[in-house]
Amino acid sequence: MVKYKFPDGFWWGSAASGPQTEGRVKGDGKADNIWDHWYKKEPEKFFNQVGPQNTSKVYQSYKEDVQLMKKSGHNTFRTSIQWSRLIPNSDGKVNSEAVKFYDDYFNELLENGIEPFVNLFHFDMPMRLQEMGGWLNRETVEAYVHYAETCFELFGDRVKKWFTHNEPIVPVEGGYLYQFHYPSEVNMKHAVQVGFNELLASAKVIQKYHETNLDGEIGIILNLTPSYPRDENSPADVKAAKIADAFFNRSFLDPSVKGTFPKELVEIVTELNMLPEMEEGDLTLIEENTVDLLGINYYQPRRVKAKESAKNNEMAPMPDDYFDDYEKPGRKMNPYRGWEIYEKGIYDILANIRKNYGNIQCFISENGMGVEGEERFTDENGKVQDDYRIDFIKDHLRYVHQAIQEGTNCLGYHMWTCMDNWSWLNAYKNRYGFIAIDLDNNAARTIKKSGEWFKTVSDNNGFED
Ligand code: BGP
């Protein structure tokens with residue numbers, strides 16, 4: 001008997017991405033993406049100057065890793081195909097080394113009873129396309145459709161859960177507003193165009209997938225940060241929170257699930273005279289090709305108050321012209337990542353999806369806690385005693401359970417991440433995995449206490465307290 005029992009067939013597992021785990025080896029045929037390029041250009045921007053070429057060596061060790069996934073209770077696992085690996089050159093030709101790698105990786109997962117969920121784009125624009133503007137350029141949308149169709153043809157007989165993007169707002173924020181992704185611009189007009197083209201690409205690929213006779217599903221993975229006003233009785237705070245919600249959540253959630261754009265956002269972008277360039281038929285295409293399944297990444301809430309600080313005119317226009325961030329007194333923090341931990345947020349998101357988004361089938365596609373210097377919790381047997389991670393997961397799962405009891409159509413829970421991996425500019429600073437990686441010892445793997453605990457949760461389809 002377990003107190004928190006989950007529905008039969010619940011997806012227990014974790015998420016990762018190609019660029020953060022695979023690494024590069026000689027002769028693999030992979031071309032540079034924006035991360036490879038940025039690291040070559042400005043290595044000092046990356047924590048301890050660790051770049052994307054080594055990462056966790058999954059390219060070589062995926063067989064061992066699949067066994068570790070089994071030992072840590074996975075029945076499902078998400079990764080992404082690297083576009084710059086599969087189609088390295090502008091001739092559109094497929095790299096046979098890449099096909100062999102992904103074939104073997106997905107087969108290995110399936111043979112071990114772990115269903116692969118495959119995402120097509122995880123922040124990793126091929127450099128050859130970025131040189132022509134990346135998502136700013138409509139030709140990238142067409143190239144992406146070709147790439148996605150190639151993936152469906154090659155792997156669609158075995159992969160039954162596809163995702164068009166992971167957190168598409170992040171390349172917008174990181175690349176074109178807040179400078180933590182390449183090309184590190186501050187340009188609202190570009191931000192809007194990039195967001196629109198990502199959405200158009202997603203809808204086109206959903207349409208293509210539905211036209212095939214493959215019997216799987218296609219969705220999108222969004223990072224949802226529920227926006228809470230400082231004071232719910234203050235109309236100005238509530239309005240500020242609504243605008244933040246429109247910018248960072250509804251911008252992708254509404255078109256992906258409902259096929260429409262939030263009116264608050266359209267009004268702002270129209271006033272700024274920054275509506276994106278589009279062609280006739282684009283809006284209908286977006287309206288008619290919505291997702292089958294929604295992945296929800298949840299890490300932190302967004303707390304907002306009415307704008308009190310002066311507008312930074314040098315940067316304007318920016319989303320922050322319409323609200324200020326608010327620090328709730330007494331908030332619980334993850335000090336390493338600087339993110340607030342607010343477990344109930346996961347429930348609020350699921351309740352919102354149930355009430356306002358047709359109760360579409362969804363799952364928690366990422367949730368997790370990055371800890372710096374985690375080696376210090378290693379015991380004499382070499383195991384990381386990460387009890388704080390077990391508590392973190394339980395505290396969130398209780399809320400997921402409650403949402404399911406109330407009727408939310410939530411089908412699974414994936415942790416970020418399986419094994420410690422390379423986190424963009426933060427490289428290996430914060431460790432998130434169920435499985436520790438020893439970078440000084442050829443990336444040797446050891447299951448953490450949380451990984452063993454997760455196996456019991458998966459075996460029991462729930463937990464006791
Ligand atoms: C999500 C991304 C992941 C991952 C994770 C942890 O936003 O989908 O790629 O990196 O966050 O965040 P970070 O690596 O920035 O600490």
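**Entry 1: H14 and H15**

I looked up the crossing of helices H14 and H15 in this predicted model and found that it is right-handed. H14 covers residues 387-405 and H15 covers residues 449-460; their axes come within 8 Å and cross at roughly 40 degrees. I then listed the residues that meet. From H14 they are Asp387, Arg389, Ile390, Ile393 and Lys394, and from H15 they are Lys449, Ser450 and Trp453. By class, I noted three nonpolar, one polar and four charged residues in the contact of H14 with H15.

I next turned to Lys448, which sits in the loop between strand S18 (444-447) and H15. Is Lys448 buried or exposed? Its relative accessibility is 0%, and Lys448 therefore counts as buried. Setting aside neighbours within four places in sequence, I recorded that Lys448 is in contact with residues including Glu374, Asp386, Asp420 and Arg431. Arg389, which takes part in the contact with H15, is also among the residues that Lys448 touches.

**Entry 2: H9 and its two partners**

I examined helix H9 (residues 188-211) against helix H8 (residues 169-176). The two pack at an angle of about 160 degrees, with their axes 9 Å apart. H8 and H9 are therefore roughly antiparallel to each other, the cut-off for that term being an angle over 145 degrees. Their crossing is right-handed. H8 contributes Pro171, Val172 and Tyr176 to the contact, while H9 contributes Met188, His190, Ala191, Val194, Gly195 and Glu198. I counted these by class as six nonpolar, two polar and one charged.

I then looked up H9 against helix H7 (residues 138-155). Here the axes come within 9 Å and cross at roughly 30 degrees, and H7 passes H9 in a right-handed crossing. On the H7 side the contact is made by Arg138, Val141, Glu142, Tyr144, Val145, Ala148, Glu149 and Phe152. On the H9 side I listed Asn197, Leu200, Ala201, Lys204, Val205, Lys208 and Tyr209. The residues of this contact divide into nine nonpolar, one polar and five charged.

**Entry 3: the loop between H8 and H9**

The peptide bond from Tyr182 to Pro183 is cis, with omega near 10 degrees. Ser184 lies in this loop as well. Ser184 is not a glycine, yet it has a positive phi of about 60 degrees. I noted these entries because most residues other than glycine have a negative phi, and most peptide bonds are trans. Ser184 has 19% relative accessibility and so counts as buried, the cut-off being under 20%.

**Entry 4: a further cis bond and a further positive phi**

I recorded a cis peptide bond from Ala316 to Pro317, with omega near -5 degrees. Pro317 is in the loop between strand S9 (302-305) and strand S10 (324-325). I also recorded Ala427, which has a positive phi of about 45 degrees although it is not a glycine. Ala427 is placed in the loop between strand S15 (410-416) and strand S16 (430-431). With 0% relative accessibility, Ala427 counts as buried.

I located Glu366 in strand S13 (residues 362-366). Its relative accessible area is 4%, so Glu366 is buried. Beyond its neighbours within four places in sequence, Glu366 is in contact with Ala15, Arg78, His122, Asn166, Glu167, Ile296, Asn297, Tyr298, Tyr299, His414 and Trp416.

Asn119 I located in strand S4 (residues 115-119). At 0% relative accessibility, Asn119 counts as buried. Apart from residues up to four places away, Asn119 touches Arg78, Thr79, Ser80, Ile81, Phe163, Thr164, His165 and Asn166.

**Entry 5: the whole protein**

The protein has 15 helices and 19 strands. The radius of gyration is 21 Å, close to the 23 Å that the globule rule gives for 465 residues, so the protein is as compact as a globular protein of that length. Along the principal axes, the C-alpha atoms fill a box of roughly 60 × 55 × 45 Å. Of the 465 residues, 58% count as buried. Among contacts with a separation of 6 or more, 77% are between residues 24 or more positions apart.

Technical notes: Residues numbered from 1 in each chain as written. Predicted model: local features only at pLDDT ≥ 70, side-chain atom pairs only at ≥ 80, totals over all residues. Heavy atoms only, no water. Axes fitted to C-alpha atoms, helices over the stretch in contact; angles between N-to-C directions. Helix = DSSP H or I, 4+ residues; strand = E, 2+ residues; numbered from the N terminus. Parallel < 35°, antiparallel > 145°, perpendicular 65-115°, else oblique. Left-handed = near helix turned anticlockwise from the far one by under 90°. Contact = heavy atoms within 4.5 Å. Nonpolar A, V, L, I, M, F, W, Y, C, P; charged D, E, K, R; others polar. Rg over C-alpha atoms; globule rule 2.2 N^0.38 Å. Buried < 20%, exposed > 50% of the residue type's maximum accessible area, 1.4 Å probe, protein only.
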